[in-house]
Amino acid sequence: MTKAFKQDALESAAWKVFSTLGFDAATIRDIVSVSTVSPGSFYNYYKTKDVIFDLLLIKIIQRVRSAILQSRNETDKLEEMLVRSHNAVLRELLSISGAPRFFELNQHHVRARLFSMPETSEMLDDLKKKLIQTVSMQHISPDRMNFIASTVLTTGLEALLYISHNPLMDIQDVADLSAKMSAASIRAASARGA
């Protein structure tokens with residue numbers, strides 16, 4: 001087996017294990033067992049289950065960021081940008097087998113790691129730039145702007161968790177609602193000033 005094949009097998013197995021057992025209950029032995037790769041290979045590439053969990057989370061963030069950037073390219077209207085973004089996030093995440101369950105089982109680990117990852121910072125920087133383009137927010141302090149962008153991101157995660165518990169919900173309806181809530185909060189924050 002090649003290095004890339006082993007890593008793909010281990011990452012696929014880790015995704016399955018974290019999506020069914022959750023991070024807390026999962027063991028490296030579970031991941032290796034599902035992967036059919038030797039335990040030594042796991043330790044050569046990842047050392048701990050935390051490392052492979054973080055890697056999976058990074059890959060998801062990168063996919064979501066790409067989907068968001070594509071979705072909101074040609075709009076300068078706040079609510080439309082947010083609807084497109086939330087819709088893109090939900091559709092991208094729901095297209096990944098096991099994603100709703102992964103986030104549901106591991107939400108406290110995701111939340112604990114999410115805002116300390118450079119990939120999330122890049123996504124938040126994208127959002128802040130877009131917000132400044134769509135709403136007069138130049139007077140908002142950097143700390144407030146970080147909080148606003150983080151809240152928009154968290155609303156997207158909450159929407160995914162809501163849909164995972166209510167699978168018959170229409171993605172567009174949830175995206176519209178979460179975007180309207182975010183837009184109202186952003187407008188209120190921008191009107192209030194720094």
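What follows is a short report on aromatic contacts.

## Basis of the values

This is a predicted model, in which local features need pLDDT of at least 70 and side-chain atom pairs count only at pLDDT 80 or more, while totals for chains, interfaces and linings use all residues. Residues are numbered from 1 along each chain as its sequence is written, and side-chain values use heavy atoms, with hydrogens and water left out.

## Aromatic pairs

Rings of Phe, Tyr and Trp (its six-membered ring) are paired if their centres lie within 6.5 Å, and planes under 30 degrees apart count as stacked, over 60 as edge-to-face and the rest as tilted. By this rule there are 9 aromatic pairs. The pair of Phe23 and Phe53 is edge-to-face, because the ring centres are 5.0 Å apart and the planes stand at 65°. Since Phe23 lies in the loop between helix H1 (3–20) and helix H2 (28–35) and Phe53 in helix H4 (residues 49–71), the pair ties together parts that are 30 residues apart in sequence; helices here are DSSP runs (H or I, at least four residues) numbered from the N terminus.

Phe23 and Phe53 are both buried, where buried means under 20% relative accessible area, exposed over 50% and partly exposed in between (1.4 Å probe, protein chains only). Trp15, Phe18, Phe23, Phe53, Phe102 and Phe103 form one aromatic cluster.

## Charges over Phe23

A charge sits over a ring if NZ of Lys or CZ of Arg is within 6 Å of the ring centre and within 35 degrees of the ring normal. Over the ring of Phe23 sits the charged end of Lys49, 4.4 Å from the ring centre, and the charged end of Arg113 also sits over the ring of Phe23, at 5.1 Å from its centre.

Terms used:
Helix = DSSP H or I, 4+ residues; strand = E, 2+ residues; numbered from the N terminus.
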